[in-house]
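Reader: I am new to this structure. Can you show me how to read it, one feature at a time?

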Amino acid sequence: MAEVLIARPIHQLAPLLEKKEISPVELFNEAIERIHLLQPKLNSFITITEAEGRKAATEAESEIRKGRYRGPLHGIPISIKDLFATRGIRTTAGSKVLAKWIPDYDATAVAKLHDAGMVLVGKTHMHEFAYGVTNDNPHYGPARNPWDPSRVPGGSSGGSAAAVASSQCAASLGSDSGGSIRTPAAVCGVVGLKPTYGRVSRCGAIPLAWSLDHVGPLTKSIEDAAIMLAAIAGPDPKDPSASSRPLPDYRKDMRESIRGLRLGVPRQYFFEHVDPEIQKLVSAAIRQLESAGATRVEVDIPDLENCSAMEAHITLAEATSYHEPYLKKQPDDYGPAVRTNLEAGRYLLATDYVKSQRARTLLQRNFNEAFKRAEVIVSPTLPALPPPVGEVWVQSGDLREHVIDAFLRFNIPYDLTGFPAISIPCGLGSTGLPIGLQIAGKAFDEATVLRVANAYEQSTAWHPSRYALPS
Amino acid sequence: MPTSVPIRLLTRRTWVQRSGTGIAALLLAPPLIAQEQPLEATIRSMSTVTGRELSDPWLQPTAGLVGTIVAYSQPLRALDLGSIEPATYFEAD
């Protein structure tokens, strides 16, 4: 791919925009050209906001020329997962149920990105109601993986990850209840950050499961993730779970050395039944972090085998509760897989739901014990490579399993505990597909997670903006 | 589906989920059939509790999914949590 401006990460574009060396309109034109070029092949967008984006780019250009530069996101082309309400712009949640919904408000995270001066290029494709991991959508067709369009991009923020990876935008806003930021980030070779539960307001995001939903960015670099997080994080009176805990200076803190930092490598669960190439590249990444000065420490985290059951009871019950009105009025507008999940949510026991919520406290305690021995915990993001579109079986080392089971497995502990976790690219396998390394930290310690991720990124070649991505 | 490949109960859950109708899943997963027929009857009889009738083609896959989730929830059900309360993720600021 010939180097184009929109392929650069935000932290490289921002100074050029501030110094007026490039124009937001120029950048927007590149993004929209790539969107039109790639949409037939990758289907990364449900709605392309060309008119709105051009208007925003023109306004950004005018403001910057007048010296009213808002910050590193001013004039930057950004996409938003179609889960988030956008004022005056169709918001479908990847569904037929909401196909015609045009909100009269912005989600809080969207409003914050507008305040930061973003240029919205479109609403990205997603798995129906975020209730899946492949982005194979019965209503809008499948989204596709930019590295191999015959394969899924992962989900449920698959359109967002694919759009960032293929430089249709500089960054995207996604959501994560069972890995829906980190899975597509790993599959598409970009950075995907699930912050601590409550770090970013969920107001205006169509819920999958209120107590599991997290909002976060997908970007080309760690610094970009820090920039996006700084823009969207913080308290919100409209979201009772949004914390008013002060925000660190993520961009500054991430540059600190990791010398002496302890990397927790779990003895159980996270390295079981993993594709050998994923195992090899993740192990190499851990060694790379040790070369950068970190110390490897083995940690024990018990009771992880209950995570799947806990996730099932919580997600199914909460999702069905949200969808009750729609299930009554328009049940046949749901795709079959989502419909089955929603129907099943009625027949699971309340006592199992409450037990699962109680078991989350135990899981937090177990992780916090591990965090006494290590500042972060590292693992693969996924145990298997993405399947072809339409296929549902994957090979996770010695285990043939359903893609949903595989893609949830290493992600859901951090949705259940609420702890921050990031997926960063750590190489390409022999198939040419990206592999993701997951780094997780203590509650509200995104700064350390970003610091470790940045140390890896700075010391290696596995950086999406340096890839020669197929066009 | 090859029956010689070990498939965890968990994957049966998601397989049934994916199939939509679930008929093929039920035919190829004999251990589940005996479990799911009483479940279908149970789910049908719960209409007075849920306020909603569930009939084909949704009854079978729903019963299959519920049955599978219940089956792999046994370790969770056996977990002794003492007096542990449900988690909250934010402190009163």
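Predicted model: local features only at pLDDT ≥ 70, side-chain atom pairs only at ≥ 80, totals over all residues.

Reader: Where does His273(A) lie?

Author: His273(A) sits in the loop between strand 9 and helix 9 of chain A. Its phi is positive, about 55°, although His273(A) is not a glycine.

Reader: What is phi of Tyr269(A) near?

Author: Phi of Tyr269(A) is near 70°. That is a positive value in a residue other than glycine. Tyr269(A) is placed in the loop between strand 9 (262-266) and helix 9 (276-291) of chain A.

Reader: Is Tyr269(A) buried or exposed?

Author: Tyr269(A) is buried, with a relative accessible area of 12%. The cut-off for buried is under 20%.

Reader: Next, the backbone. Which peptide bond of chain A is cis?

Author: Look at omega. From Gly155(A) to Ser156(A) the peptide bond is cis, with omega near 15°. Ser156(A) belongs to the loop between strand 5 (141-142) and helix 5 (158-165) of chain A.

Reader: Which residues of chain B does a cis peptide bond join?

Author: Asp56(B) and Pro57(B) are joined by one, and omega is about 5°. Pro57(B) is in the loop between helix 4 (47-50) and helix 5 (59-72) of chain B.

Reader: Now the two chains together. How many residues of chain A are in contact with chain B?

Author: Count each side. Chain A has 55 residues in contact with 44 residues of chain B. Then look at area. The two chains bury about 4,400 Å² between them, 61% of it on carbon and sulfur atoms. Tyr347(A), Lys355(A) and Arg358(A) supply 16% of the area that chain A buries against chain B, more than any other three residues.

Reader: How many salt bridges does the rule find across the interface?

Author: The rule finds 2 salt bridges between chain A and chain B. Take the pair Arg77(B) and Asp352(A). Their side chains meet in a salt bridge at 2.5 Å, N to O.

Reader: Which helix of chain A gives the largest share of the side that touches chain B?

Author: Helix 12 of chain A does, with 11 residues.

Reader: What is the make-up of that side by class?

Author: The side of chain A that touches chain B has 22 nonpolar, 16 polar and 17 charged residues.

Technical notes
Residues numbered from 1 in each chain as written. Chains lettered and ligands numbered in written order. Heavy atoms only, no water. Contact = heavy atoms within 4.5 Å. Buried area = accessible area lost by both parts, 1.4 Å probe. Salt bridge = Lys/Arg side-chain N within 4 Å of Asp/Glu carboxyl O. Helix = DSSP H or I, 4+ residues; strand = E, 2+ residues; numbered from the N terminus. Nonpolar A, V, L, I, M, F, W, Y, C, P; charged D, E, K, R; others polar. Buried < 20%, exposed > 50% of the residue type's maximum accessible area, 1.4 Å probe, protein only.
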